[in-house]
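Have the structure open while you read.

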Amino acid sequence: MSSWFFADAGLVLLVLAIGASTIFARKAFDAAIAFVVYGLLLAIAWVRLSAIDVALTEAAIGGGMTGTLLLGAVARLRSAEPDNIRLGLPVRLATGFCCALVAAGLAGTLLLLPEAIPTLAPAAMENLVHTGLGNPVAGVLFAYRALDTLLEKVVLLLALLGVWSLAPNNAWNGIPGLRLYERPNSTLTFLAQILPPVGIVVGIYMCWVGANAPGGAFQGGTILAAMWLLVIIARLENAPSTGQLWLRIGLVLGPAVFLAAGLAGLVSANGFLAYPPGYAKPFIVTIEFALTISIAVVLAMLAAGPSKQVQQE
Amino acid sequence: MPDATTSGGILLVFAIVFPVAGVLLSLVVGGRQVERIALIILPCNLILASAIFFDLWRSGSQLIYIVGGWQPPLGITLRADGLSAAMMVTTAVVICAVGVFAHADFDTRAQPFETRAPFVFWVLLMAIGCAMNMIFLGGDLFTLYVALELLTFAAVPLVCLDGRAETIQAALRYLLFALLGSILYLAGTALLYGSYATLDIVLLSQRLRVETATLVAAVLMTVGLFAKTALFPLHIWLPPAHAGAPASASAVLSAIVVKGSFFLVVRLWFGVMPGLLGFTGAQLVGGLGAGAIIFGSVVALRQKRLKLLIAYSTVAQIGYLFLMFPLAFDSVSSQLQSSGALTGGMLLAMSHATAKAAMFMAAGLIYAALGHDRIAELGGAARAIPMTVFAFAIGGVCLIGLPPSGGFLAKWLLLDAAIATGQWSWAMVLLVGGLFTAGYVFIVVAGALGSPHEPLKLRVAVPKYQEAAALTLALLSLLLGFVALGPIDVLQVRPGAMMAALR
Amino acid sequence: MSGANLFGICGAALVGLGLYGLITNPEPLRKILAFNLLGTGVFLIFGLISRRAAAAGFPGDPVPQAMVITAIVVAFAATALAVALVLRLLEQTGRATLGADNPVSEIGNP
Amino acid sequence: MKRMEFALDLFTVFTLSAGALFFLAGTVGLIRFPDPLTRLHALTKVDNVGLGLVVVGLIPQADGWGAAFKLVVVWLLVQLSGAIVTQLIAGAIREWGPSA
């Protein structure tokens, strides 16, 4: 047992305590705040598990974006009538007991996993030369399991369509109702003027290093989305109306390039989503850049919510 | 010997690429063209599904496509066996019929600009086609997770397309159940990957050992999929969601979407781990099915609204689908046998898909024509809109299982399996369930045949093409029984490696 | 016991916590929070499994890591859709509840 | 050369410990101070210095100039966001009172 073990144990206890407070906190607001903290702690946990790519994604999407979304929702729900239906104590105790059993069973199972450790890590590393990439996670996402990644982009688009579908009929293709401040706030305006140039550089850099080091389209796209949201919240720019052609093109650009590259593989390589030998890396980097743009647009629009008002012609 | 891409394998890729391309194109080209795009993509989907089906039938062997040339376990394989091909064709047919039917409610060219509900409906219809194809063809458990999520995100907004508060509540409840289901499924895949370092279905079936982690994974995944399939007692989200949606959406949700997670249960237990369920497990699953049949039927009988009755009937019919588990259990080898019971179960799924879609469409037409769907006041409907009521009745005949419907053949096969394995109690459940079904179908049809209290005035004329769509599906479900004369053997086409693992 | 195992146990405990919150908390928004907790618990299980490859001399197995990245994005999409549903419900009814367990009798037709 | 490294390591240990101390003080302030404004004060003042010390301490250990530059950028960004967020929170308190 090294000192790292105790550090890990401390981290785990902290994660569990904050996690529990998101469940047991009295006020939804406290729970949402706790969740943001929880996301950041979890990112540290992922670093300790040597999964830097996941740590970045968790911090950016799991903690940051989800946290923003939930905090925004909590703020609006303050006006809601409180809900007084509570489950009785016996029911809660029984449920708690069952859930504890599930957790204990799961933990036991994990500890009892076979000693012989099967893994695809060697295969993933060996084949990485064919992709020209240096980051094995990028290799999995864009070569070995590219189909999953492509479909997951479609999932994001469908989620956005679902969010948009909640607009009132007459507000379709209007402007998302992301409105935190009634009038421009000078402090926020200042931030929204000086941060985005830096953020855009960082986002593009993230995407670019993703081929060889931790990072990639998801992380880069999230940063770009955050910058855009900042500009919108500070009211330097309006949110775009959801029917604008450039917005729609931005949404589908990534998946469309991905799909086209996959289909090109039918002609230029040995099949769908295969890359021509020697050219895999340029293909993948192109796909990643297109995806970064689409992810930025989709995430920002998901956070902005359904359209509220019809665009003034 | 590793699998290799077969000659027809490219069809499998197109079955996924086509609808994805349709979704992407629709978002850019814009709302007024979306219906046209869908009406190109959906028939193409049907043609592709039929091509895959006939390829299988002709060659008698499965289709395989290795995506990107990366062999599993590192890469992903698409596979079409008999079950997937048959389900694909059924799904494609139903979705095409819904496409025809939905024109009345979701005409994208009715307005000079893009409108909300039609735009969303057509894109999601294509997305459901894509997700179902992926579920039928996916050869990797994580790809199937993504496909399940694709299906969820395509289905949930359909529930609340009209935007009323009750339907939004229903959609939210549905979403929460579906998310719980998929996260449990994901936990199972994590454990399986940790034990075997592969999620490829065929490789898993070869490497599988009976040990704690595998059992826990199987339980987690199955419970998750039960929640998504709305198997009793995890059904409470289904009736409000399916009954509140617009008729075209209800038809897709009830006929197609629940079959996605059901298909994965079948894949998991018959394909990946046929030896793991054991006698008790099989009886337990059958017991849940029986519970669903009794509960769903009794509640359906007490409904006052037609759409709710049909939704509860779905709860009951889902129960039927799970009866095949105890019936397919072979006590000698203590494995699930991919034989008559499986064929019967899948056939039941297919005939339920066509029949239920027809019934929801008919209910939608009845509602549109009468302005309500109160069962007690249906009198005169049979005279006013005979084709619609006829379609409903034929769908009902198939659900009850009268010859020559697909439901009859399916239940025959299940009964045969029950007798062959000496499990009389399940035969009883089958027969009693049929009586219940006959009861609630009879209530509706008798009501519609009765004379009205006051002269019936139709609010709108029911378009002929909508009646035709409903009737076509109903007749298909009726004629499905005739597959016994021909392509039913296709259902027995299994991955070669899997068969070898079974022996 | 290794550090990775600790995170695995943490994941299992989070699954339990999330499940409890999802079942017992009546407010939809809190249910969404609980679902996210449950999700991160499952992701940590993937993390343990990835980290176990360290025994074979690798920092971690990239395949489960890539799966987690995909799943995190999907979970975010789910959260966004669920939150949008809750807020829409709030706009229409002034409250955001799932209602009684069986509200079906009030459900009419479009 | 060895000596140089040792000196740098010692420097790192010293600055990191000092930084940690500042963080501790900030956290104590966050918990113990009576009202939101003083809490904010404790948090940001102390954190900026604490993080600054940590960054300065890590620079000698960094993997080349690029990494050192990134460390400094991290510090600057945290400074910026800390300052802005503090302003926003303080503004909110002035507008709606401390309980909002």
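This is a predicted model: local features need pLDDT of at least 70, side-chain atom pairs count only at pLDDT 80 or more; totals for chains, interfaces and linings use all residues.

## A helix pair in chain B

Residues are numbered from 1 along each chain as its sequence is written, while chains are lettered from A and ligands numbered from 1 in the order in which they are written.

Now look at α14 (residues 340-370) and α16 (residues 386-400) of chain B, which pack at an angle of about 150° with their axes 8 Å apart. (Axes are lines fitted to C-alpha atoms, for helices over the stretch in contact, and angles run from 0 to 180 degrees between N-to-C directions; helices are DSSP runs of H or I, at least four residues, numbered from the N terminus.) So α14(B) and α16(B) are roughly antiparallel to each other. Among the residues that meet here are Ala355(B), Met359(B) and Ile366(B) from α14(B), and Phe392(B), Gly395(B) and Leu399(B) from α16(B). Contact means C-beta atoms, placed from the backbone, within 7 Å. By class, this helix contact has 10 nonpolar, 4 polar and 1 charged residues. (Ala, Val, Leu, Ile, Met, Phe, Trp, Tyr, Cys and Pro count as nonpolar, Asp, Glu, Lys and Arg as charged, and the others, Gly among them, as polar.)

## Where chain A meets chain C

On this side, 78 residues of chain A are in contact with 68 residues of chain C. The helices of chain A that each supply at least two residues include α1 (3-24), α2 (28-48), α3 (52-77) and α12 (280-304). The largest share, 14 residues, comes from α3(A). Sorted by class, the chain A side has 53 nonpolar, 13 polar and 12 charged residues.

## Where chain A meets chain B

Here 45 residues of chain A touch 44 residues of chain B. Helices α4, α5, α7, α8 and α11 (245-268) of chain A each put in at least two residues, and the largest share, 12 residues, comes from α8(A). The chain A side has 30 nonpolar, 11 polar and 4 charged residues.

## Inside chain A

An automatic or database domain assignment gives chain A domain 1 (1-78), domain 2 (87-118) and domain 3 (119-313). The C-alpha centres of domains 1 and 3 of chain A lie 24 Å apart. Their contact takes 10 residues from domain 1 and 11 residues from domain 3.

Conventions. Two residues are in contact if their C-beta atoms, placed from the backbone, lie within 7 Å. Angles under 35 degrees count as roughly parallel, over 145 as roughly antiparallel, 65 to 115 as roughly perpendicular and the rest as oblique.
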